[in-house]
Amino acid sequence: MYILNARFSQNISVVHPEYFFISGLSGIPYSSYYYMFLFFIYIVAVIGNSIVLLIIAIDRSLHSPKYIGVFHLALADIGETNALIPNMMKTFLFESQYISYNACLANMFFVYFFNTIQCVSLVVLAFDRFVAICLPLRYHAIVNNAVMCSVFSIMWMLSTFLVGLTVSLVTRLSFCKSNEIQSYFCDHGPVYRMACNDNSVNSFMAKLNTAVYFAAPLIIFLSYLCIFFALSKITTWEGRIKALKTCVSHLLLVGVCFLPIICTYIAAIMLSLSTNVRVISTSLAYAVPPMLNPMIYVLNTAEVKNFIQTVIKKKSASIDQGISD
């Protein structure tokens, strides 16, 4: 789509459109049902992760290094879904596909920022499992609440810097031909490729962000190689299974978070994906993990299940006492 009615703000050779047009799904009948499905995922994700945050905040037994990581993961899940899905509802269900230039950059920042925090949280949780199994006698010396809080503070600052730099460099681009973003949000790649001036720096930042993103599963994979090697030294199968059970929830989270994106990325390289296929695959890859993450921890973590059972028992006892009185 060519810019016909947009008002431009121009600084020397840099031309910024007043609005971008987000294409989303095109030529697909009843696509509104898909966006409603994503909204259902959003509701479940927000409720589920809010419950996880509340449980960790209330139960003092969960104030441990591992659950500091889980807390940050749930926080990132809520942040990402709020940055992505409500804006999609406004854009496509209410046919408001124009987004202002500044709002576009803000949307780009928050989606990528919280996605980065998700990756960081999973890496830190992998480190926690690595130390717990490979260096059990030194676990409390290496991994404690103060260390975890410091690590996450540093990671939040680094993520803010990296994503902020990536987004801020978009402002040096001039958009003098098209303002149509071939995506479902203000995606960095489709935006910088529309520029009609030199975008080599933006291309480098895109590659750097991709490399950082895919470094996360690589680090996790290497940590689990060390974990499996340590498990092989345990003499009994019962001991191996007991130690491995502590990693099941984390492994499921890693698979849910990274496998869809990795598969989509490989498919995009090997095949020529249409815009609609890319929109559906990547939107599901962003939306589904935040919904599944709290379910995985509730169903697979004994501490969380014990807390929920205790609360239910107390409520049932108070109700029974009220009835008897």
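Analyst: A crossing is left-handed if the near helix is turned anticlockwise from the far one by less than a right angle, and right-handed if clockwise. Helices (DSSP H or I, at least four residues) and strands (E, at least two) are runs numbered from the N terminus. This is a predicted model: local features need pLDDT of at least 70, side-chain atom pairs need 80 or more, and totals for chains, interfaces and linings use all residues. Residues count from 1 along each chain as its sequence is written, and side-chain values use heavy atoms, without hydrogens or water.

User: Helix 1 and helix 2, then. At what angle do they pack?

Analyst: About 155 degrees, with the axes 9 Å apart. Axes are lines fitted to C-alpha atoms, for helices over the stretch in contact, and angles run from 0 to 180 degrees between N-to-C directions. The two are therefore roughly antiparallel to each other, a label for angles over 145 degrees.

User: Left-handed or right-handed where helix 1 passes helix 2?

Analyst: Left-handed. By class, that contact has 22 nonpolar residues, 5 polar and 1 charged. Ala, Val, Leu, Ile, Met, Phe, Trp, Tyr, Cys and Pro count as nonpolar, Asp, Glu, Lys and Arg as charged, and the others, Gly among them, as polar.

User: Where is Asn-87?

Analyst: In helix 2. Beyond its neighbours within four places in sequence, Asn-87 is in contact (heavy atoms within 4.5 Å) with Ile-99 and Asn-107. Its C-alpha atom is separated by 25 Å from that of Ser-174, 87 residues along the chain.

User: How many bridges join strand 3 to strand 4?

Analyst: 3, and those strands run antiparallel. Strand 3 spans residues 19–22. On the other pairing, 2 bridges join strand 3 to strand 5, and here the run is parallel.

User: What stands opposite Phe-21 in strand 4?

Analyst: Tyr-98. In strand 5, Phe-21 stands opposite Glu-180.

User: How do the axes of helix 3 and helix 8 cross?

Analyst: At roughly 160 degrees, coming within 11 Å. That makes helix 3 roughly antiparallel to helix 8. Helix 8 covers residues 237–270, and the crossing is left-handed.

User: Which residues in helix 3 meet helix 8?

Analyst: Cys-119, Leu-122, Leu-125, Ala-126, Arg-129 and Ile-133. Their partners in helix 8 include His-250, Leu-253, Val-254 and Phe-258. The residues of this contact divide into 11 nonpolar, 2 polar and 1 charged.

User: And helix 5 with helix 7: what angle?

Analyst: About 155 degrees, with axes 10 Å apart. That makes helix 5 roughly antiparallel to helix 7. Leu-162, Leu-165 and Thr-166 in helix 5 meet Met-205, Leu-208, Asn-209 and Val-212 in helix 7. That contact has 5 nonpolar and 2 polar residues, and no charged ones.

User: Last topic, the record. Where does UniProt place the domain feature?

Analyst: The unreviewed UniProt entry puts "G-protein coupled receptors family 1 profile" at residues 48–297. UniProt positions follow the numbering used here, feature names are shortened, and annotations may be inferred rather than shown by experiment. In the model, that span is 79% helix and 2% strand, with end C-alpha atoms 10 Å apart.

User: Which residues does UniProt list for "transmembrane region"?

Analyst: 33–58, 109–130, 142–165, 211–231, 251–273 and 279–299, again from an unreviewed entry. Residues 109–130 are 100% helix, with end C-alpha atoms 31 Å apart. Residues 251–273 are 87% helix and 0% strand, with ends 29 Å apart by C-alpha.

Note on methods:
Parallel < 35°, antiparallel > 145°, perpendicular 65-115°, else oblique. Pairing = 2+ DSSP bridges.
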